[in-house]
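Here are some notes for a reader coming to this structure for the first time. They are set out as numbered points.

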Amino acid sequence: MRRRQVPPLPQRHGLDPARLRLPEEGSWATVRDHLVERLPRVPAARIDEMLAAGAIVDLDGPIAPDAAYVPGGAVWFHRDLPRETPVPFEITVVHRDETLLVVDKPHFLSTIPRGQHILETALVRLRRELDLPALIPAHRLDRATAGLVLFVIDPARRGAYQMLFQRRRVRKEYRAVAPVDPRLALPLTIRSRIVKERNIIRAFETDGEPNAETRVELAEQRGGLGLYRLLPHTGRTHQLRLHMNSLGIPILGDDFYPELVDKPVDDFTRPLQLLAATLEFTDPVTHEPRRFETTRTLRAWTDPQGWAATG
């Protein structure tokens with residue numbers, strides 16, 4: 001198995017440095033020339049500042065501003081961070097041992113760094129707060145969804161747990177609050193083909209061989225709303241949200257389906273009423289059964305008047 005190369009720069013703010021491999025072919029005279037062309041969103045003056053400060057390195061150390069281009073080489077550096085709005089909710093630790101960390105992620109917090117969300121992500125927060133620099137998620141929840149996320153503490157074990165999710169050997173149960181349609185015969189299993197295109201924010205259903213499957217059960221109902229139990233067999237992007245919307249009962253607080261709502265990133269009201277409630281699997285290392293349950297609830301169900309007041 002190929003061993004992961006240790007970066008010559010330490011983590012910063014819980015983030016690994018970026019690594020850029022230098023192409024084998026190219027006419028650049030210096031590394032600086034290549035970086036200016038390779039990183040068009042970074043001003044050339046900023047690249048010059050970083051080189052002058054010794055902030056761009058290779059395996060031998062800081063790269064000089066006039067260092068010659070080395071085909072096939074690699075450089076490391078820490079990217080400048082975007083300004084982020086702090087997410088004012090805590091992560092709850094559900095379970096921790098030498099190998100695994102299971103947490104309850106709040107709404108509005110991304111699992112991993114992506115786009116404009118870097119420091120305000122579960123992974124970076126946990127690395128810093130728990131002093132676990134090698135922590136890595138075994139799977140992901142999107143920013144809008146709250147609930148259980150399993151992280152791997154021991155780097156030697158990460159592959160075993162990640163494969164559990166890839167091979168669909170984890171039983172996942174979600175809870176959601178949505179309108180009740182008495183015409184729907186529940187429980188039912190919905191299957192469809194879901195496509196998510198690059199750089200398009202929403203996924204969509206289309207004709208073709210189904211690649212997404214969800215069992216939908218109505219656990220309780222009152223006042224025209226239902227508390228649903230959702231059991232996904234697959235894990236497509238926005239699968240549960242799309243399937244509930246296609247049934248005509250979109251999840252409360254959904255800003256994507258049926259209509260895309262432009263919501264400011266610092267608006268933490270009316271979160272998506274979707275919660276990853278249970279993770280259950282046979283441990284690939286100990287071969288013992290594991291079951292974890294959320295400590296969170298959905299406000300639209302536990303406090304419907306308070307939820308309605310935020311509308």
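1. Lys 172, in a model that is predicted, is in contact with Phe 165, Leu 230, Leu 231, Pro 232, Thr 278 and Leu 279, setting aside neighbours within four places in sequence. Lys 172 belongs to strand E9.

2. Is Lys 172 buried or exposed? Lys 172 is buried, yet it has no salt bridge. Asp 142, the nearest side chain of opposite charge, is 11 Å away.

3. The largest nonpolar core has 33 residues, and those touching the most other members are Leu 101, Leu 135, Phe 151, Leu 230, Met 244 and Leu 274. Among the elements that give two or more residues to this core are strands E6 (100–105), E8 (146–152), E9 (171–179) and E13 (225–232), together with helices H3 (122–129) and H5 (239–246). A separate, second core of 15 residues includes Ile 47, Met 50, Ile 56 and Tyr 69.

4. Within the largest core, Leu 135 is one of the residues that touch the most other members. Apart from neighbours within four places in sequence, Leu 135 is in contact with Leu 101, Leu 123, Leu 126, Arg 127, Phe 151, Val 152 and Ile 153.

5. Helix H5 is largely enclosed by the rest of the structure, because six of its eight residues are buried. These are Gln 239, Leu 240, Arg 241, Leu 242, His 243 and Met 244. The buried residues of H5 pack against E9, E10, E11 (204–206), E12 (212–222), E13 and E14.

6. Just after H5, Gly 248 takes a positive phi of about 85°.

Definitions and conventions: Residues are numbered from 1 along each chain as its sequence is written. This is a predicted model: local features need pLDDT of at least 70, side-chain atom pairs count only at pLDDT 80 or more; totals for chains, interfaces and linings use all residues. Side-chain values use heavy atoms; hydrogens and water are left out. A nonpolar core is a set of buried Ala, Val, Leu, Ile, Met, Phe, Trp, Tyr and Cys residues joined through side-chain atoms within 4.5 Å. Buried means under 20% relative accessible area, exposed over 50%, partly exposed in between (1.4 Å probe, protein chains only). Helices (H or I, at least four residues) and strands (E, at least two) are DSSP runs, numbered from the N terminus. Contact means heavy atoms within 4.5 Å. Lys and Arg count as positive and Asp and Glu as negative; His and the chain ends are not counted. A salt bridge is a side-chain nitrogen of Lys or Arg within 4 Å of a carboxyl oxygen of Asp or Glu.
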